[in-house]
Each structure stands twice: as C-alpha cells, then as structure tokens.
Amino acid sequence: MDMVKDKVAVVTGGSRGIGRSIAQKLCDEGAFVVIGDVMDAGLDDKETSSLSYMRLDVSDAGSVRQVIQDVVDRYGRLDILVNNAGIMFERLMEETAEEDWDRMMNINVKGVFLCSRYALAPMRESGGGAIVNIGSIEGIVNNPMHTAYAASKGAVHAMTRAVAVDEGHRSRVRCNSVCPGWINTELNAAYFDQLKYPEQGIKAIEKLHPVGRMGTPEDIANMVCWLASDQAGFVSGQQFVVDGGRTARPTLADFDAMEKKYEI
Ligand SMILES: NC(=O)c1ccc[n+]([C@@H]2O[C@H](COP(=O)([O-])OP(=O)(O)OC[C@H]3O[C@@H](n4cnc5c(N)ncnc54)[C@H](O)[C@@H]3O)[C@@H](O)[C@H]2O)c1
C-alpha cells in the first residue's frame, strides 16, 4: 500500500540525517518529494525523479517563497510539508551570545514559520494538506545546556497547535509535530566522538531507553509518513513523542554525565 501516493511533498533539511530518511520514506510510499536544504543532497537525477533537490535556506523568506513557487510550477500542487531543518548547540545561557540565539531561532523557529506560511496557499488550492514539524523531546523535557534549543523546540510545538487551530477550517491543513528522542545521526555522532570513552557513552545512552537502543532516522520517518498520510485525517494539533520510552522513565543519569563532562 502506498501511503502517500501521488502527493507532492517538501522536506526541509532533507539532505542528510532524519530529513533524508523522511524524504526517502515518503518517496517509497508513492510521493513526489523535493528536498530543500542549504547543503546539496548529492542526488544523481535532480530534476526528473520522484526524489529531487532544490537549494533552500529556511531562514530566508525569499528563498522559501522561491522554492515553494518552483515546486508548484513543477508539480502543479503541494500536499505535504515536513519542517525538519534544524540546528542544535550546547551552551549555558550566560555563554549563549545574542547571535547564537538569533541563529537558533532563525532556523528552528522562523524557518518553520516561513515554510508553513508560504505553503498554506498552494495547499489550500490543492484541497488541503498536511504539515509535520520536527520538534524534539526537548520541547517537553530538558537536557542541561540546551536553553536556546529547548526554547526553539517549545516554540515549534506551540506553533503546531496554532496552525492546526487556524488552518483546519480555513485551508483544510492538518498540522502535527513529532518529538524525536535520541536519534543516531551526524548531529549526534559528533557528541560521541568528543567523549573520552565513546563506547561507554554509547552504552550509557542506550540504557536510558526502555527499548534498549537509540533511535534511527527510520523510526521518525515512519511516524512522519503516517501523519502526512490520509490515514491520519482526524489527527491535528498534536505532538507525538518517538523516543523508545525515554521520557516515560525519569532518570538523573544523563544529568550526571553532563555534569561530569562540563564540570557544572
Ligand atoms: N538527531 C536527534 O537526536 C534529534 C532529536 C530530536 C530532534 N531532532 C531534530 O530533527 C531535525 C533533524 O535533525 P538531524 O539529527 O537529522 O540533523 P542533521 O544536522 O543531521 O541534519 C539537519 C539538516 O538541516 C539542514 N539545514 C540546516 N540549516 C538549514 C537551513 N537554514 N535551511 C535549510 N536546511 C538547513 C542541514 O544542512 C542538514 O541537512 C532537527 O530539527 C533536529 O532538531 C534531532
């Protein structure tokens, strides 16, 4: 069964990591998918295949407007937007420069605003659509040193509800967010690389998860694809935690590890 057959989708930040997996899953389930990313996706056939790439900076209104227009020009419609592009850094509040804060908010929050804003009109004209925002469990619970990141993801979850409330009737657009836990991507590989004992670090992180492992990009892609599909037609304004049960089991172990690492 093709869950999103013939739908037209844009996946931001889809050149690697979670976004790449989401783009591939939507494509495998029958959609025409455009990856919008500042980084090239390294695809062989950029124009004609059902998985293609357009350069997009989600924090730049002109870039967003152009890509949405190009997608509509190419396919005649827009059905699915996955706001996945995001950055993360670890910094105490007092060490977070105003420019760091602005960069985080420009990509993680304003990016979601701009892409959703310019996607609404074509979605309305297509008879409705689905927006799936990639938030984080850190929009709900916090790791240390993540003031800016957590604030940005909290905003994403709040915006998800706002869009669902305003655009359900108006544009027939459903909007939901997915809150990944620890997912193995380039973003997280760098974390283990800098540890003194990476293997022990990996084991410690695995132990935080009741399912006994870290997440994969495919774990997130499966949830996103379902939310984007008509099977989720009565689902809107919600946040879906996909974290192997991590937030179901409060623990101080990760705080202890961070305290040792940063001597706080
Ligand atoms: N990896 C995790 O454990 C985890 C956990 C929770 C939430 N998330 C969220 O999932 C999303 C993807 O994370 P990931 O781990 O795959 O990260 P990643 O760094 O591997 O990939 C992020 C992608 O976004 C792109 N990007 C960055 N700035 C952009 C911009 N201005 N415009 C367009 N594209 C831009 C990058 O080029 C990259 O391809 C992010 O929103 C992240 O916050 C990740």
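Predicted model: local features only at pLDDT ≥ 70, side-chain atom pairs only at ≥ 80, totals over all residues.
Me: Where is Met145 in the chain, and what is its phi?
Reply: Met145 belongs to the loop that runs between strand S5 (129-134) and H4, and its phi is near 70°, which is a positive value in a residue other than glycine.

Me: What about Arg172, what's its phi and where does it lie?
Reply: Phi of Arg172 is near 55°, again a positive value in a residue other than glycine, and Arg172 is found in the loop between H4 and strand S6 (173-180).

Me: And how many C-beta neighbours does Arg172 have?
Reply: There are 14 C-beta neighbours inside 10 Å of Arg172, so Arg172 counts as partly exposed.

Me: OK, on to H4 itself. How do H3 and H4 cross?
Reply: The axes of helix H3 (residues 98-125) and helix H4 (residues 147-170) come within 9 Å and cross at roughly 15°, so H3 is roughly parallel to H4. H3 passes H4 in a right-handed crossing.

Me: Which residues meet there, and what class are they?
Reply: On the H3 side they include Trp101, Met104, Met105, Val109 and Phe113, and these face a set in H4 that includes Tyr149, Val156, Met159 and Val163. By class, the contact of H3 with H4 has 13 nonpolar, three polar and three charged residues.

Me: Switching to the ligand, how many residues surround it, and which are closest?
Reply: The ligand is surrounded by 29 residues, of which the closest are Gly13, Gly17, Gly86, Thr185 and Leu187. Helix H1 (17-28) and helix H5 (186-193) are the elements that give two or more residues to this shell.

Me: What's the class make-up of the shell around the ligand?
Reply: The shell has 14 nonpolar, 11 polar and four charged residues.

Me: You mentioned H1, so how does H1 sit against H7?
Reply: The axes of H1 and helix H7 (residues 217-228) come within 8 Å and cross at roughly 50°, and that angle makes H1 oblique to H7. The crossing in which H1 passes H7 is right-handed.

Me: Which residues make that contact?
Reply: From H1 they include Gly17, Ile18, Ile22 and Leu26, while H7 contributes residues including Pro217, Ile220, Ala221 and Val224. By class, the contact of H1 with H7 has nine nonpolar, three polar and three charged residues.

Technical notes:
Residues numbered from 1 in each chain as written. Near = placed C-beta within 6 Å. Helix = DSSP H or I, 4+ residues; strand = E, 2+ residues; numbered from the N terminus. Nonpolar A, V, L, I, M, F, W, Y, C, P; charged D, E, K, R; others polar. Axes fitted to C-alpha atoms, helices over the stretch in contact; angles between N-to-C directions. Parallel < 35°, antiparallel > 145°, perpendicular 65-115°, else oblique. Left-handed = near helix turned anticlockwise from the far one by under 90°. Contact = placed C-beta atoms within 7 Å. Buried ≥ 20, exposed ≤ 12 C-beta atoms within 10 Å, placed from the backbone.
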